[in-house]
Amino acid sequence: MGGLAKRMPQTAFFFLIGAVAISALPPLNGFVSEWLTYQALLQGFGTTESLIRLIFPLSGAMLALTGALAAACFVKAFGITFLAQPRSEHAAHAHEAAPSMRIGMAVLTVACVVLGLFPTQFIRLLDPLTQQLTGQQLSTQVNLAGGLVLGSLAEKGGTVSTLGIVLMFVCLLPIPLGLWLVFARNSKTRRGPTWDCGQRVLTPQMEYTATGFSKPIRMIFKALFRPRREVQREYDFSPRFATSIRFESHVEEVFVRRIYRPLRILILRASRRIRTLQAGSIHAYLLYIFVTLLLLLLFAL
Amino acid sequence: MNLDLPAILAQTALLLLLSPLLSGLIKNWKAKLQNRRGPRIWQPYFDIVKFLRKDMVISEHASWVFSVTPYVLFLTALAAGLMVPLVTAHAPMSLFGGALALVGLLALGRFFLALGGLDPASAFGGMGSSREMTIAAIAEPAMMLAIFTVAITSHSTNLSEMVLASQGADWKFLDPSHALAFAAMFIVLLAETGRIPVDNPATHLELTMIHEAMLLEYSGRYLALIEWAVSIKQLVLMALLANIFFPVGLAADTTVAAFGLGLFFFIVKLLALAGAVVWVETTNAKLRLFRVPGLLSAAFILATLALVSTFLF
């Protein structure tokens, strides 16, 4: 991959909006959800006096970690796929998909933007639910300033307006544009090669790869990932002049190994035991029904 | 919805004009403390104007993302700045977002800067982006926990409300929860502004740079915009620390005298924080990259202690 932003500009744009949204960055829908979650955690802190309530701010911190890791992940996903030089022959000859396939992405992009900018309109849809559960309408409490600003349930608990943030961007944009007019009227822009330390051989092989990009994170959380690597080198007279080199890197799937696999084994073992019940003999089944009936009668008595 | 237009304009102007001075001051003081003469404190203004006038060279590999990045960085830094109380307790744009929006806006700027670093196909840019996103990922929980601690005592994520709450009767200069949260936030400030134990703002040595590595391919007016945005971000974070933890001398009413006094106190607080940053930068060596998580975990633990001490005291 790589370099697709130039060859598939529309796909790149849709992907970028999606990446910003999922990384919980303003002003899109992911940010609104995260903001509401943080507010709920703050409210939750006030509901109890016991030490248990420490869980609320600590889970807020974990949410921040997840958000920031998601951002790192999607910088990697977008950056390695769409930016820089194409890293493969296929990527170099990529072109936009058929319009019917782009429409799908466009719809999702529009949904991200609309949900992000007008959250108060959609919170209204939740009113029947909150009315049933708590007897109160949510939307009347969190909609401020005619639905432009999203508020917290608590008095003065905090407000946010994604639409307002976008308006701020629009109003502040004349500052850099004005600076261009004042100072940069005579300056020219030209295209040039990327600085390659004067060697004039900048190839896609020198770019960061996805594995390289996430290496610091793997190293920091190595207690969790247990990264392993294997390097095989073939050489004639000195290991410094390798004729061929093979590199392999593995990450242990902690959750698969420690949680899902034991659980799966347990379930399979239990179902194997239970299977003996279903022997295919109709007499046995009649016996089960009879015993169940007896037991039920005993309970009824 | 009442937006105070003069206040918005005044705060934007203050952010734009004061931020290069703060960067210049830190550079100058740092040099003085190391027995060098150092650049004039006005040097960042000259740099910005010089960069604005220069021609631009854009990498032939770069796409439109590269050109969008400087604008996003500049606008997010300014928008975040308008949500922070500077001279008065009332930030002009606090209705549109508080502490959470501020963190989000700065993260949006960082997201784009990391993409801008990857775009020109240079290995340096990729290295900078990778490290920046990693450090941000481990700094964010500490920052959020410290903010939460303050938000819990003030029952609000609105920065103006936070400042008003800590200005009130509860505020004690050495309240343990505030002091510990301040220590955590100070470490996060060093990480977020790329200061020495985490990153070295003065180096262009391949293996040590983080922030500068992402900017290597920027030139001319885009570089001016990025440099300015970075110093605005620094001012915003320092103002956040200064006003939340030391809410002294904020203008209470709208008279000229109150504003003057507020501005005076604001600048004094910034100078004290800048002095602390310079002192840390001069007395410490840059940490090896994989030692940085240790420092930021310390910030996280300090923030956790701050949180626990809200119960005890």
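How much area do chain A and chain B bury between them? Chain A and chain B bury about 7,200 Å² between them, and 77% of it is on carbon and sulfur atoms. Buried area here is the accessible area (1.4 Å probe) that two parts lose on being put together, summed over both.

Before going on, a word on the model: it is predicted, so local features need pLDDT of at least 70 and side-chain atom pairs count only at pLDDT 80 or more, while totals for chains, interfaces and linings use all residues. Residues are numbered from 1 along each chain as its sequence is written, chains are lettered from A and ligands numbered from 1 in the order in which they are written, and side-chain values use heavy atoms, with hydrogens and water left out.

**Where the chains meet**

In chain A, the residues that lose the most area to chain B are A:M168, A:W180 and A:F183, together 9% of what that side buries. The contact (heavy atoms within 4.5 Å) takes 84 residues from chain A and 82 residues from chain B. Between the two chains there are 22 residue pairs in polar contact, both residues being at pLDDT 80 or more. A polar contact is a pair of N or O atoms within 3.5 Å; within protein, one must be able to donate a hydrogen and the other to accept it, and residues adjacent in sequence count only if both atoms are side-chain atoms. The count of salt bridges between chain A and chain B is zero.

Helix 4 (residues 55-82) of chain A gives the largest share of the side of chain A that touches chain B, 16 residues. Helices (H or I, at least four residues) and strands (E, at least two) are DSSP runs, numbered from the N terminus. By class, that side of chain A has 61 nonpolar, 16 polar and seven charged residues. In this sorting, Ala, Val, Leu, Ile, Met, Phe, Trp, Tyr, Cys and Pro count as nonpolar, Asp, Glu, Lys and Arg as charged, and the others, Gly among them, as polar.

**The nonpolar core**

Which residues have the most contacts inside the largest nonpolar core? They are B:F74, B:F111, B:I232, B:M238 and B:F266, in a core of 157 residues. Helix 9 (residues 220-245) of chain B gives the most to this core, with 18 residues. A nonpolar core is a set of buried Ala, Val, Leu, Ile, Met, Phe, Trp, Tyr and Cys residues joined through side-chain atoms within 4.5 Å. Buried means under 20% relative accessible area, exposed over 50%, and partly exposed in between (1.4 Å probe, protein chains only). Leaving aside neighbours within four places in sequence, B:M238 is in contact with residues including B:L22, B:I26, B:L189 and B:V277.

**Charged pairs**

Side chains of opposite charge can pair when their charged atoms come close. Over all chains, the whole structure holds eight salt bridges, each a side-chain nitrogen of Lys or Arg within 4 Å of a carboxyl oxygen of Asp or Glu.

| Salt bridge | N to O distance |
|---|---|
| A:E207 and A:R87 | 2.9 Å |
| B:R110 and B:E140 | 4.0 Å |
| B:E192 and B:R110 | 3.0 Å |

B:E192 is in helix 7 (residues 176-192) of chain B and B:R110 in helix 4 of chain B, 82 residues apart. B:E192 and B:R110 are buried. Through shared partners, salt bridges join B:R110, B:E140, B:E192 and B:K233 into one network.

In chain A, A:E207 counts as buried because its relative accessibility is 5%, whereas A:R87 counts as partly exposed at 25%.

**Single residues to look for**

Is A:R102 buried or exposed? A:R102 counts as buried because its relative accessibility is 17%. This arginine lies in helix 6 (residues 99-117) of chain A, and a polar contact of 2.8 Å joins its side chain to that of A:Q10.

In the loop between helix 2 (9-22) and helix 3 (29-45) of chain A you will find A:P27. A cis peptide bond joins A:P26 and A:P27, with omega about 5 degrees.

A:C197 is not a glycine, although its phi is positive, about 60 degrees. A:C197 is partly exposed, with a relative accessible area of 36%. In chain B, B:N35 is also a residue other than glycine with a positive phi, near 65 degrees, and B:N35 counts as exposed at 77% relative accessibility.
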